[in-house]
Amino acid sequence: MIHFKLISRIVSVGFSVLFAGSFSFSQQSIQAAIDAFSSNAYFANASISFEAMDCATGQVLAAKNPSLALPPASTTKLFSTATAFQLLGKNYAPQTRIYLDGELTKDGVLNGNLWIRGGGDVALGSRYYNGDGRESEFMEKWVDTLVKLGIKKINGAVVADASEFGYEGAPDGWNWGDMGNYYGAGASGLPIYDNMLRYHFQVGAKSGTKTTFLGTTPSVEGLKYVNYIQTGGSGDNSYIYGAPYSMDRFGTGTLGAGLGRFTVKGSLPDPELTFSQEFTRVLKAKGVEVKETALSARNLTIVSASTRYAAMKLFFTYKGKTLNSIAWWTNMKSVNLFAEEVLCWIGYGTSGNGSVDNSISRMMNYWSGKINTIGLYITDGSGLSRSNAISANHFCEMLKYMSTAKEFDAFYATLPVAGVSGTLSSVCKNQPAEGKIHAKSGTMKRIKAYSGYAETKSGKKICFSLIINNFNCSSEYTVEQMEKVFNAIVLSE
């Protein structure tokens, strides 16, 4: 058997000869670079789609299977954010509204329920906007506002309502192994704490022993967790399993010996219900009596939202973070939940229906006629779904369109920069493409993809997309070979 490192060295030498030096790419065409990439022995069984296009003219500069539609992992987020920018505008911000369903007496008693109507504000209690231990501060401020407005007691319940975003739980194509983990948290009309549930363990000093489960943050009423996580290996190799809205969860895998107290991040089973429970807890902690148990709209038989809220009193409205801010985290740090919420904003912001199906339909309708959508299949907002099928040409046509669109500057600012920022901070570091590539990365098991813009040495703006599925080597080695293509684009005339 030929050793992997030996083959890697042979291939590297081949590339050095091809390019006559580490970075003498200017003498080579982009097409030569992608042809060399595609002929790599480790990619013999892989599917590759590539295209590089002049943003100004639309001229295709190089291509390899440009119409081959593949699952592109997180580069799917480009379609979600670009569509939202175009249809909603960078200043779009979701609103969370609190309604009174009953009479508020002069002495501060609400004889009825207090409803929280969600608009998909994903920043509520998010770790990206709140420091550790400060996640619930937004609820404390809301309760302070309610008290100032005269509420001292609720002779009813807090009802959390996420219904206008639907209850799909997870988009089509998500794997069972993803949904219980933090990166597999689905969108909700009332997200809270990044829809994340933290599992706390005490890890032993010796391998082969079972870890001790200590509890969760937040505390979820009715959660049934079974622990199979062992002490062993190094670091965190544990996984949480469980379906959306199911309170049954179990953990498998290992946690490295000697980690001591350790936290594993999973997805929150029912964000809507947890929101109601957490808000009820904060109300009581602030001295507001709540008579009934926290409720969620999903478990109630209720009329349509428009009919329901027409009979209630809007008490106050909270405006969330803007699309501009959320999209930055979505693309720069590749936050799956944010991408799923942004997708649902598209449907909710344009029609009042934030379900995944409606939002995808409106996204596809927007691009139909603007780009060639034949063979374009998008089933989620983040790219976690392996049912997505997007070609390099789909990406390039969309990126070219965005380059002259009204919200391009805002969209462009969300993209990581090669060798500088976000998920591209280590890509093309100290290479010609450093600082010249603004793109989104995508990574899943046996999938690697990059789509975005390149600035050439002659001043041209090139849109490009490179997607590879089922390579027979490490992801790190694959990226090294992709970097050679990126450098060739930047150094092209």
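Predicted model: local features only at pLDDT ≥ 70, side-chain atom pairs only at ≥ 80, totals over all residues.

A residue is called buried when its relative accessible area is under 20%, exposed when that area is over 50%, and partly exposed in between.

**The five-stranded sheet**

- Five strands make up an open sheet, and they line up as β2-β1-β19-β18-β17 with antiparallel pairing.
- At the edges you'll find β2 (60-64) and β17 (437-444), each of them pairing on one side only.
- Going from one strand to the next, the twist averages 5°.
- Strand β1 (residues 47-54) runs antiparallel to β2, and four bridges join the two.
- If you want a spot to look at, Met 53 stands opposite Val 60 in β2.
- Helix α2 (residues 30-38) lies across β1, β2 and β19 (461-469), and it runs at about 10° to β2.

**The three-stranded sheet**

- Another open sheet has three strands in the order β8-β7-β13, again with antiparallel pairing.
- Its edges are β8 (212-217) and β13 (260-267); each has a single partner strand, so one side of each has no neighbour in the sheet.
- Here the twist averages 25° from one strand to the next.
- Eight bridges join β7 (residues 196-203) to β13, and those strands run antiparallel.
- Within that pairing, Val 203 has Gly 260 in β13 as its bridge partner.

**Aromatic rings**

- The structure holds 37 aromatic pairs.
- One of them is Trp 142 with Phe 275: the ring centres are 6.2 Å apart and the planes meet at 35°, so this pair is tilted.
- Trp 142 belongs to helix α4 (residues 137-148) and Phe 275 to helix α6 (residues 271-285), so the pair ties together parts that are 133 residues apart in sequence.
- Both partners are tucked away: Trp 142 counts as buried at 3% relative accessibility, and Phe 275 is buried with a relative accessible area of 0%.
- Trp 176 and Tyr 241 make a tilted pair too, at 6.0 Å centre to centre and with 35° between the planes.
- That pair links distant parts of the chain, with Trp 176 in helix α5 (residues 176-179) and Tyr 241 in strand β11 (residues 236-241), 65 residues apart.
- One aromatic cluster is formed by Phe 138, Trp 142, Phe 275, Phe 279, Phe 316 and Tyr 318.

**A lysine over two rings**

- Lys 461 lies over the face of Tyr 412, 4.3 Å from the ring centre.
- The charged end of Lys 461 also sits over the ring of Tyr 453, at 5.8 Å from its centre.

**Cysteines**

- How many disulfides are there? The count comes to zero.
- Cys 55 is in no disulfide, and the nearest cysteine sulfur, belonging to Cys 463, is 3.7 Å away.
- A disulfide needs the two sulfur atoms within 2.5 Å.
- Cys 55 is buried, with a relative accessible area of 6%.

Note on methods
Residues numbered from 1 in each chain as written. Heavy atoms only, no water. Pairing = 2+ DSSP bridges. Axes fitted to C-alpha atoms, helices over the stretch in contact; angles between N-to-C directions. Contact = heavy atoms within 4.5 Å. Buried < 20%, exposed > 50% of the residue type's maximum accessible area, 1.4 Å probe, protein only. Phe/Tyr/Trp six-rings, centres within 6.5 Å; stacked < 30°, edge-to-face > 60°. Lys NZ or Arg CZ within 6 Å of the ring centre and 35° of its normal.
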